[in-house]
2 protein chains.
Amino acid sequence: MPGIPNDQIIDEMESLLNIASDFTRLKIMYAISEGERSVGDIVAEVGASQSLVSHQLKVLRKANLVSTRKDGTRVYYSLADDHVIALLNVVYEHVTEE
Amino acid sequence: MPGIPNDQIIDEMESLLNIASDFTRLKIMYAISEGERSVGDIVAEVGASQSLVSHQLKVLRKANLVSTRKDGTRVYYSLADDHVIALLNVVYEHVTEE
DNA sequence: TTATTATATGAACACACATTCATATTTCAA
DNA sequence: TTGAAATATGAATGTGTGTTCATATAATAA
């Protein structure tokens, strides 16, 4: 990969990384990494308030990192594609090597 | 990978992603991705002010994402390890797929 | 020494955004 | 309908940080 990508690409990379670089959102992404989960399930597993989880789910949705499916009163969230997992894995590996 | 990593891991992941999620720092990392470069070279290639580049190099250095070598009045920076490139690649690929 | 080049640093400002609290909306059951 | 459960939203606040400007430090040459 020769040279620095153009500004638009860099901008989009910055945006994606910004979305990913948040404690609550990281937990949410892991919470749905093995399949769709309802908001209630995510709230329980992440251990944050319902409001915060809902706000952050909206951020993830707006960035197209998650998909939704509605069923009755519940909404099920899942990761939009495999790149997200790949990103989490690369970062996880960097962090867990002494 | 079963379950959400513990809070400390998530914290460190957040930190790394935070460092990476900046327009100027992304450009700097690309500028030194093919080998060490002096601050002056980086300033020229990135197209930001000397002060800004120096400030952001300090951020990258503090996070151990870059290494330095001093030679006379010049300081040469290079990426600390291959994880950084791997991270950039994953993000780049995500962004450049329609 | 003095001058010049290369790099680093400190203060200040502006702006973005994560979180909380309160409330609204939706869906379904009784 | 009324009530309860699940989810979403809006406002307000506090904190973090990217950038600029001015200046400091370090190294070398003349």
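I count helices (H or I, at least four residues) and strands (E, at least two) as DSSP runs, numbered from the N terminus. I am working on a predicted model, where local features need pLDDT of at least 70, side-chain atom pairs count only at pLDDT 80 or more, and totals for chains, interfaces and linings use all residues. Residues are numbered from 1 along each chain as its sequence is written, chains are lettered from A and ligands numbered from 1 in the order in which they are written, and side-chain values use heavy atoms, with hydrogens and water left out.

**Entry 1: DNA strand D**

I looked up which elements line the strand. In chain A, H3, helix H4 (50-62) and strand E3 (74-79) each supply at least two residues of the surface near DNA strand D, and so do helix H2 (23-31) and helix H4 (50-62) of chain B. I call a residue near if one of its heavy atoms lies within 4 Å of the strand. H4(A) gives the largest share, 6 residues. I find 24 residues around DNA strand D, with Gly40(A), Ser51(A), His55(A), Arg25(B) and Ser51(B) the closest.

By residue type, this surface has 4 nonpolar, 14 polar and 6 charged. My classes: Ala, Val, Leu, Ile, Met, Phe, Trp, Tyr, Cys and Pro are nonpolar; Asp, Glu, Lys and Arg are charged; the others, Gly among them, are polar.

Val75(A) puts a backbone N or O atom 3.3 Å from a phosphate oxygen. His55(B) has a polar side-chain atom 3.4 Å from a base oxygen.

**Entry 2: chain A against chain B**

I find 41 residues of chain A in contact (heavy atoms within 4.5 Å) with 41 residues of chain B. Together the chains bury about 3,900 Å², 76% of it on carbon and sulfur atoms. Buried area here is the accessible area (1.4 Å probe) that two parts lose on being put together, summed over both.

The interface has 2 salt bridges (a side-chain nitrogen of Lys or Arg within 4 Å of a carboxyl oxygen of Asp or Glu). I looked at Asp7(B) with Lys27(A), where the closest N and O atoms are 2.8 Å apart. The side of chain A that touches chain B divides into 23 nonpolar, 7 polar and 11 charged residues.

**Entry 3: Ser21(A)**

I placed Ser21(A) in the loop between H1 and H2 of chain A. Leaving aside neighbours within four places in sequence, Ser21(A) is in contact with Glu14(B), Leu17(B), Asn18(B) and Ser21(B).

Conventions
Polar contact = N/O pair within 3.5 Å; in protein donor to acceptor, adjacent residues only side chain to side chain.
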